[in-house]
Amino acid sequence: MNAPPLPGAASPSAPVRRQVIVIAGNPNAGKTSLFNRLTGGSQQVGNYPGVTVEHKEGVMRHQDRRLPVIDLPGTYSLTAYSLEERVARDFIIDEEPALVVDVVDASNMERNLYLAVQLMEMRVPLVIALNMIDVAESRGLRIDTARLSLLLGVPVVATVGSRGRGVDELIETCAAVLDGTLDALPQPVHYGHQVDEEIEGLARLITENAVEENRFEPSWLAVKLLEKDPSATMRIRRIAGARQGLVEEAAEAAVLRIERHYKDDAATIIAERRYGVAAGAVRQCVSRVTESRMDLTDRIDNVVCGRVTGPVILVAVVAALFFWVFKLSDEWAWMPWFGGWVSPTGLINWAIARLSDMLAPTQDSMPMLHSLFDAALVRGVGGVLGFVPLIFFMFLFIAALEDSGYIARVAFILDRLLRMFGMQGNSILALIVSGGLGAGGCAVPGIMATRTLREEKDRLVTMLVAPFMNCGAKMPVYAVLIAAFFPQSRTEMMLLLWAVSWLVALAAAWMLRRFVVRGEQTPFVMELPPYHVPVLRGVLLHTWERTWLYIKRAGTIILAVNIVLWVFMYFPRPADGPDGKPPTAAEGLSHSMAGRFGHALEPVTKLAGFDWRTNIALLGGFATKEVVIGALGTVYAMDVEKTGDNAPLAARLASEPDWSPRRAFAMMLFVMLYAPCMSTITVIARESGSWKWAAFATLYSTAIAFVIALAAYQAGKLVG
Amino acid sequence: MKTTVLTLFDLVNGQTARIVRIRNTGPKGIRQRLLDMGVTRGAVVRVERHAPMGDPVEIAILNYRLALRMNEAREIEVEPVTP
């Protein structure tokens, strides 16, 4: 067992392989629905360590056995072009799965087999699931699976993931391979005489110079060296140690020889040979019974991507998405509840209010505990749970649109426009959901919607500017201040605020791309998949996973942050008055750390017109922006939180001598732009994979907000 | 010798062409990405449509549809073929 592995006869049959099956395949090949079928939906979502790429794990049952299955990210290749490709490849190399199932789109075999050829190069046991065979058949293709299996040396099973056809057979095949009763070791891949010889030579050299036991195929590593793959160089360093230089020199010489011979670079030659293998297999195994093209998709796209109809339909779809998501989750009371009707968000808010009521009797006997439980736990965490229906419906629609193929068209239509600002077509969805239509929205689902963006940099920029949009929580602040100071021009003010939010978001995106998230424009090369009717089961499963992840992750962190914020706004307590009366809420808040902080910041914030009271309210707004009005009410000793009526506060502010329209306007701008709320910050951290970006988002947006508020306030002073 | 080399950028909707060469002057990684998507020498492409703002362009290749930016289309040298 310890003998050095020979090239071409390496480890796959060794019993050390982990008993896990991984699913690989191209995006849009129906990988996810096949995975759902194989595991019966019993799956867990997790992230690969250190990266944002997701990882789904489930269990496949065969008779009385339970076989773990892992769904790798969908990739077109394993050349480490993208993060997904690196993750998928490293998993196969380092985790040594017992079997790889490659999901191949039967209607698009040539491009899909390109990935299969790369898996064959790795010499891992391989089973090909020839998926969406029904689509291929409807297009008049007849595929000889037996012949394909013979040609590639691996089992081939025809499947229809969305309907479960062929799934049992696929499970049987996998089990047989694991039991050793079915051979699944692929045929060696040939790249033409010249290249084959170089690969063989390099593989031999790698084996001879391996100081560490080489767990994977040396000929695979040889191919990667010829492709000048940077991570292959790293692996060589690990395997060959001090003899690394020897191997690298030999590889460079081999690349030169190949390039001289073919007059093109080695990576291109190798890629072309892979397509050669794929095309050869298609020629031998696929026959066209009738001539047919993808008529329906073409006809739809003539309208959907049309010069005039395209944008019109896009606006209609986005408006419909926005309308449905907010109507269904919040504005329409459509769920029966104790003889009446409530909305899902209403139901959650009702439950929170009841819980708060139940705590009320303890207010006098245990004021501190009551405050902690009521403010930090019930209202704080409850506020986060209030977003759950929004997230659920938003993902339901986005997942359905994505599954149908429309999201790819959105990116296609808007790419040119949003590219000017360092984003891409799909960014529009995140911005709209975050509140881009100016009538409410929420950055939490908005940032989660950036998952449809494939390029990391564009995605990051979109995440960082989405919180500038006017989300629903900013609306009450606008409502109170407009009612108090601009009662005659409500519509004009809202329009102005909407325009400012877009201007700032686009300008910020442009700046971020130029100075912070730098680097070359990432290429935009995207498949436009054929349209199809979304698979309800898959869409629901996907939606539920997202929602549950939000409840679990954001909920735990937000609880901690709320407790910290509560401490900040509660301690230290002022002494009881001389008459023995406990301090009022306003006195308590003013005396607390937040209050002192508010006082301390006043000299600076005064420049933008904010006094210490406003500062406290804005500090409270870090939790969620709704708190701004509540806290403002508390410092002005107006009990808005209990009554839910903002009118007295508006009247009070309007009568305060140190408030003015320009101060109100500066405050609205500040609230629009400053630090995203805690829920959003948490989601940014999760989605960007780093708290660094969350901290950056908090600081840079607060800085922008202050500068703009200050400018508006001072300019207002000049105008008078 | 031809003085002007035709690229995918120059083709109009509905035109079919064969790929002659992918230049290596574009953004880093673009060549590998195009190769991975099946844009290889000898492959036949047809320009399906341009996005409403004229960019990106949608092409039919290997029995599927691919969108790429005009910037990237400039990297792909082609010769027209009559279908």
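Visitor: Which residue of E4(B) stands opposite Met526(A)?
Guide: In this predicted model, Met526(A) faces Ala67(B) of E4(B).

Visitor: What makes E12(A) and E4(B) a pair of strands?
Guide: Two strands pair if DSSP finds at least two bridges between them. Strand E12 (residues 525-527) of chain A and E4(B) have 3 bridges, in the antiparallel sense. The count of 3 bridges meets the cut-off of at least two, so the two strands are called paired.

Visitor: How do you know that E1(B) and E2(B) pair as well?
Guide: By the same cut-off of at least two bridges. Strand E1 (residues 16-22) of chain B and strand E2 (residues 44-50) of chain B are joined by 3 bridges and run antiparallel, so they count as a pair. Across this pairing, Ala17(B) is opposite Val45(B) in E2(B).

Visitor: What is the order of the strands in the open sheet?
Guide: The sheet has 6 strands in the order E12(A)-E4(B)-E3(B)-E2(B)-E1(B)-E5(B), with antiparallel pairing.

Visitor: Why are E12 of chain A and E5 of chain B said to stand at the edges?
Guide: Each has a single partner strand, so one side of E12(A) and one side of strand E5 (76-80) of chain B lack a neighbour in the sheet. From one strand to the next, the twist averages 40°.

Visitor: What makes up the contact between chain A and chain B?
Guide: Chain B gives 29 residues and chain A gives 30 residues. On the side of chain B, helix H1 (30-36) and strand E4 (64-68) are the elements that give two or more residues.

Visitor: How do helix H7 and helix H8 of chain A cross?
Guide: The axes of H7(A) (residues 193-208) and H8(A) (residues 218-226) come within 8 Å and cross at roughly 115°. The crossing is right-handed. Residues in the contact include Ile199(A) and Leu202(A) of H7(A), and Leu221(A) and Leu225(A) of H8(A). The classes are 10 nonpolar, 2 polar and 1 charged. Leu counts as nonpolar and Glu as charged, so Leu202(A) falls in the nonpolar class and Glu198(A) in the charged class.

Visitor: Where in chain A does pLDDT stay under 50?
Guide: Over residues 1-16, for which the model has 22 contacts beyond four places in sequence. Chain A averages a pLDDT of 85, and 92% of the residues score at least 70.

Key: Residues numbered from 1 in each chain as written. Chains lettered and ligands numbered in written order. Predicted model: local features only at pLDDT ≥ 70, side-chain atom pairs only at ≥ 80, totals over all residues. Contact = placed C-beta atoms within 7 Å. Helix = DSSP H or I, 4+ residues; strand = E, 2+ residues; numbered from the N terminus. pLDDT = per-residue confidence, 0-100. Axes fitted to C-alpha atoms, helices over the stretch in contact; angles between N-to-C directions. Left-handed = near helix turned anticlockwise from the far one by under 90°.
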